[in-house]
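Please read the points below with the model open beside you, and check each one against what you see as you go.

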Amino acid sequence: MPLSKPLKLFLVLNSFFLTFLILAEVTGSKLFVSFGFTLTMGVIPFPVTFIVTDLLNEYYGRKGVRFTTLIGMVMIFVAYFLLMLDLSIPAAPNSPVDDHSFRVVFSNSGKVIVGSIVAYAIGQLIDIQIFHFLRIKTKNKYVWLRATGSTIVSQLVDSFVVIYIALSGGNLSFQDLNSISTNNFIYKCGVAIAITPLIYLAHLLIDRYLGPEAQKMIEKAMEQGHSDVDPISPG
């Protein structure tokens, strides 16, 4: 049976979302310094999830984003399980990566994933609520406001929760954790603002791809500010 355009788009958006989400979790334990600020490597792939979340909110409404959020949480659990399984299997004598090196890199990723599950769930729920609140209040105007506003509020929570859970108990002091969390949040705010043109571009491309169905989907997504409807079917 041929797939409809809305379903194909939903699958593509979810594929991008899950790929960048998992990469953010797995690489999040590495710290780097940019312009004097210490950040986690997870901030590199994570902004793509902002764009996808906004697009899902825009065309598939609350129910569509909640479905993606649930799938994301399940996949984070799967990634955590696979990491723990991999860590328990001894490396072969001729393995280019020995057990110690593998453990140093990925054992801390487990803590990042655990922290991210909590932060991700809270952040996504906040993002969904803020997005649709602003959408209804502005009567579907000002895409930049609901996209940026929902991201900034949700990432205020996410940035601090994930760092305190993932990196606490190690060599970092409370001041270090607070500084890294603040830096991550400021970075994400900057990115959320900077990617606004990309969101408008994505809207344009999706509208062209979906044709008349795009407006129908947007209208149904608007209705989900008050009730739940099927997030995929445009009819």
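1. Helices, as the word is used here, are DSSP runs of H or I with at least four residues, while strands are runs of E with at least two, and both are numbered from the N terminus. The model is predicted, so that local features need pLDDT of at least 70 and side-chain atom pairs count only at pLDDT 80 or more, whereas totals for chains, interfaces and linings use all residues. Residues are numbered from 1 along each chain as its sequence is written, and side-chain values use heavy atoms, with hydrogens and water left out.

2. The largest pocket has a volume of about 150 Å³. On a 1 Å grid over the protein atoms alone, a pocket is an open set of points with protein on both sides within 12 Å along at least five of seven lines, a cavity is a set where a 1.4 Å probe fits but cannot get out, and lining residues have an atom within 4 Å of a point. Grid points are joined across faces, edges and corners, and a volume is the space filled by probe spheres set on the points.

3. By class the lining has seven nonpolar residues, no polar and no charged ones, where Ala, Val, Leu, Ile, Met, Phe, Trp, Tyr, Cys and Pro count as nonpolar, Asp, Glu, Lys and Arg as charged, and the others, Gly among them, as polar.

4. Helix 3 provides the largest share of the lining, five residues, and the classes are six nonpolar, seven polar and two charged.

5. Strand 1 (residues 31-34) and strand 2 (residues 37-40) run antiparallel and are joined by four bridges, two strands being paired if DSSP finds at least two bridges between them. They form a hairpin with two residues between them, and F35 in the turn has a positive phi of about 55°. Within this pair, F32 stands opposite L39 in strand 2.
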